[in-house]
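Please read the points with the model open.

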Amino acid sequence: MARVIGGIGTSHIPQVGVAYDRKLQETPEWKPLFDGYLPAQEWLARRQPDVAIVIYNDHGADLSIEKMPTFAVGVAENYPPGDEGWGPRPLPPAQGDPDLSWHIVESLVESEFDPMIAQELALDHGFLVPMNLLWPGDWPVRVVPIAVNVIQHPVPTALRCYKLGKALRAALEAYPSDQKIVVIGTGGMSHQLHGERVGYLNRTFDNYFLDTLETDPYELTKISRRDYMEKAGAEAIELIMWLTMRAALNDDVKRVHRFYLTPVSLSSAGLIVLEN
Amino acid sequence: MPESYDDIPGTYVYDGRMARKGRVLNKLLFSLAKRENREEFLRDEDAYLDRYALTPEQRAAVKGRDYAKLIELGGNIYYVFKLTAVAGGMKMTELGAAQLGMEHEAFLERVRNGVI
C-alpha cells in the first residue's frame, strides 16, 4: 500500500507567483515569506515523496462558475498552467500519475463521493503557488490535483471536506504500491478581497485554526461556513481544504514546521508541515 | 437548512442570488481569460460588450472600471480581477484600494493597522 508520509497546509496567494516569476525572493518585501518555506523544503528533500496530492481550488482559470463541480479529480498525464487573465505563467506542466488518479476516483465513488473526473485540467495559482514555494525550480513529484468548489456558494461544509480526507486516506491505503505520498491542502488564511470589508485579516483566528488543526482537527468541522467567513473573511472559506489534508493524516501527528505572516498582499500567509 | 450569512457586514457572498444577477456579467469577465478575447476587448470595447446582454448598469460599471459596483451587481471577485488584468494590470491590494476609493498606500496602512 502507498504510504502517506505527512501533510502540508499552505496559503496560495497569487502575488507570490508574480514575485516568484520576477525572481524577487531575496528582496526585503518578499524574503520573509519565501524564507518561511525553507524548513518545509528541507523536510520534503529529506523525505522525498513520490507523489503530491494537492487539494486546491480554481479561481476561474479552467473550471468556471458556468459549470462548477463541488469536487473534481484530475486524471491526466500532465497539467499545464492555465491563463488567469495575464497569460499562462512560464512554468512547465505538472507531471500527473493517471494510475493513482483513477484509483482515487474509483475508491472515492465506492465511498459515496462523486467527483467530476477531469481528463484535462489547467492549473491556477491555487495549485501553482504552493508548488513554487515548496519545490522552487523543478518539481520532483508526480501530482494528483483535487479541486474543491469554494467560490460558488453553497460550497461544501467543513465536515464534508474532512470526510473527503478520510475517504482519500482509505483510497491511498488500498493502493498496491510502495509510493510515498504527501497531501497538500491550500488556501487562506484569513482574507477578504471584496466589498466594504475588503482587507479584513484575523491573526487570532488563524492561530487558533493552526493550533486546532494540529491537535483536534475534528473540532474545526463544527465551524459553520458562515462563521469561517465572518471570523476569517469571506474568501478564507478556502481553509476548509486544509481539513481534507488533515483528515488524510493520522490522528496523532508530529509538527515539523509552522510559519505565519500577515499581511502578505491582501491575505494572511500560513504554513504547517505535519508528519505521520 | 441553508446557512444565513447576510448579517456579515460589507460582504457579498457569491451564492445563487448573486450568480443569477451576475451570470452574463461573469461570462463576459471569464471570457477575458483568453488572449484573443483580451485583444478584441482592447481593440473595440463597445463592440466586444455588445455581444453580452449586460444590464445598462453593469455595462456602465465595466466601462467605468467601477469595481465596487461590479461586485454589487453580481460580479465574482476573481472574475472582476480579470478585468483589471486587461485594463492595465493591478495587484489585488490595488483592487482592494479601488473598491474603497482609497489611495493604495493609505489602504495598505489601513489593512496593516486593522489586523485583529
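1. Start at one pair of residues in this predicted model. A:Ala52 stands opposite A:Val182, which lies in β8(A).

2. Now take the whole sheet. It is open and has 8 strands of chain A, in the order β6-β3-β7-β2-β8-β1-β10-β9. The pairing is mixed. β6 (116-118) and β9 (254-264) of chain A stand at the edges; each has a single partner strand, so one side of each lacks a neighbour in the sheet. From one strand to the next, the twist averages 15°.

3. β6(A) pairs with β3(A), residues 71-74, in the parallel sense over 3 bridges. Within this pairing, A:Ala72 stands opposite A:Met116 of β6(A).

4. Two helices deserve a look against the sheet. α6(A) packs on it and touches β1, β2, β3, β7 (142-148) and β8 of chain A. The direction of α6(A) makes about 150° with that of β1(A). α9(A), residues 240-247, packs on the sheet too, touching β1, β2, β7 and β8 of chain A. Its direction makes about 160° with that of β8(A).

5. Which residues have the most contacts inside the largest nonpolar core? They are A:Ile53, A:Val54, A:Ile184, A:Ile237, A:Leu239, A:Ile240 and B:Val80. The core has 122 residues. Helix α6(A), residues 158-173, gives the most to it, with 8 residues. In soluble globular proteins, nonpolar side chains tend to be buried together.

6. B:Val80 takes us to chain B. Leaving aside neighbours within four places in sequence, B:Val80 is in contact with B:Leu29, B:Tyr67, B:Leu70, B:Ile71 and B:Gly75.

7. How many residues does each chain bring to the contact between them? Chain B brings 42 and chain A brings 39. On the chain B side, α1 (16-31), α6 (77-86), α7 and α8 each give two or more residues. α6(B) gives the most, with 7 residues. By class, this side of chain B has 24 nonpolar, 9 polar and 9 charged residues.

8. Finally, consider a helix pair in chain B. α7(B), residues 92-100, and α8(B), residues 104-114, pack at an angle of about 100°, with axes 9 Å apart. That makes α7(B) roughly perpendicular to α8(B). From α7(B), B:Thr93, B:Glu94, B:Gly96, B:Ala97 and B:Leu100 meet B:His104, B:Phe107 and B:Leu108 of α8(B). By class, this contact has 4 nonpolar, 3 polar and 1 charged residues.

9. Which residues of α7(B) are buried? They are B:Thr93, B:Leu95, B:Gly96, B:Ala97 and B:Gln99. Their cover includes α5 (67-72), α6 and α8 of chain B. Just after α7(B), B:Gly101 takes a positive phi of about 65°.

How values were computed
Residues numbered from 1 in each chain as written. Chains lettered and ligands numbered in written order. Predicted model: local features only at pLDDT ≥ 70, side-chain atom pairs only at ≥ 80, totals over all residues. Axes fitted to C-alpha atoms, helices over the stretch in contact; angles between N-to-C directions. Helix = DSSP H or I, 4+ residues; strand = E, 2+ residues; numbered from the N terminus. Parallel < 35°, antiparallel > 145°, perpendicular 65-115°, else oblique. Contact = placed C-beta atoms within 7 Å. Nonpolar A, V, L, I, M, F, W, Y, C, P; charged D, E, K, R; others polar. Buried ≥ 20, exposed ≤ 12 C-beta atoms within 10 Å, placed from the backbone. Pairing = 2+ DSSP bridges. Core = buried A, V, L, I, M, F, W, Y, C linked by C-beta atoms within 7 Å.
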